[in-house]
Amino acid sequence: MSQVKISVTSKLDGIKSWSLQALETCPGSIDNGELVPACKGCYATTGNYNYPNVKAPRAHNKQDWQRLEWADDMVQAMQDSRYFRWFDSGDMYSVALAEKILEVMQRTPWVKHWLPTRMHKFPKFRTVLTAMQALDNVMVRFSSDSVTGDYIDGLHGSVIVPTSDDATSSMQLCKAYENAGKCSGCRACWDKSVPLIAYPAHGVKMAKVIRIIKAA
């Protein structure tokens, strides 16, 4: 019997995802000894994410991916999927994990994979990230650390903006929060032809981070 813990959320229109615990599996969240702005206001450290029943499968996944059968089980879990999201929380903190995820992506060409990450900051991940992005069915989005819309053109695939009005013409604005927080059929995050997604900041914690940055 498969041991993989897959999440299915209404926010993503029922699309499956696989996640780890936020921050503790996110080495890219630290810069100069402190959390980067985007991670200071991380949604995955608030609300329902603090409940034991939500933390438990993420803790399980951190150990489970190391099983020899993990890739086989993940492929089986995606048999009826057309879209998949990696890391609703957490990140692929290990090259060995990244290589296993690449294997799953290669073995599921019928699935469009979206993987947001900050691991591009570490040279040892470049080979596997390049291999992922070369696949027709995979969109790897390097996350900007900014919460005020700053990004590096040609590098970052997603950025947080304070409000929807702060999105520029070079960004595709996520409109989930105009639709009760749901994707509502939008699949831009999976779309390789969309270079940059802008996510309007949401939540009390993120609002506080933005206020502090603007006041500095």
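Ser-184 sits in the loop between S9 and S10. That's one stop on a quick tour of this predicted model. There is an open sheet of five strands, an open sheet of three strands, and a nonpolar core of 31 residues that is the largest one here. Here's the rundown by topic.

**Loop residues with positive phi**

- Ser-184 isn't a glycine, yet its phi is positive, at about 50°.
- With 46% relative accessibility, Ser-184 falls in the partly exposed class, because that class lies between the 20% and 50% cut-offs.
- Leu-23 is another non-glycine with a positive phi, this one near 70°.
- You'll find Leu-23 in the loop between strand S2 (16–18) and strand S3 (30–31).
- Leu-23 is partly exposed too, its relative accessible area being 33%.
- As background, most residues other than glycine have a negative phi.

**The three-strand sheet**

- The strands line up as S8-S10-S9, and the pairing is parallel.
- On the edges are strand S8 (158–161) and strand S9 (172–173), each of which pairs on one side only.
- S9 and strand S10 (residues 197–200) run parallel and are joined by two bridges.
- If you want a residue pair to look for, Gln-172 has Ile-197 in S10 as its bridge partner.

**The five-strand sheet**

- Here the order is S1-S2-S5-S6-S7, in an open sheet with mixed pairing.
- Strand S1 (7–8) and S7 are the edge strands, each pairing on one side only.
- S5 runs parallel to strand S6 (residues 112–117), with three bridges between them.
- Tyr-83 has Lys-112 in S6 as its bridge partner.

**The nonpolar cores**

- In the 31-residue core, the members touching the most other members are Trp-18, Trp-70, Trp-86, Met-92, Ile-101 and Met-132.
- Leaving aside residues up to four places away in sequence, Met-132 touches Met-92, Ala-98, Ile-101, Leu-102, Met-105, Leu-115, Val-138 and Val-140.
- There's also a second, separate core of nine residues, with Leu-12, Ile-15, Trp-114 and Val-194 among them.

Terms used
Residues are numbered from 1 along each chain as its sequence is written. This is a predicted model: local features need pLDDT of at least 70, side-chain atom pairs count only at pLDDT 80 or more; totals for chains, interfaces and linings use all residues. Side-chain values use heavy atoms; hydrogens and water are left out. A nonpolar core is a set of buried Ala, Val, Leu, Ile, Met, Phe, Trp, Tyr and Cys residues joined through side-chain atoms within 4.5 Å. Buried means under 20% relative accessible area, exposed over 50%, partly exposed in between (1.4 Å probe, protein chains only). Contact means heavy atoms within 4.5 Å. Two strands pair if DSSP finds at least two bridges between them. Helices (H or I, at least four residues) and strands (E, at least two) are DSSP runs, numbered from the N terminus.
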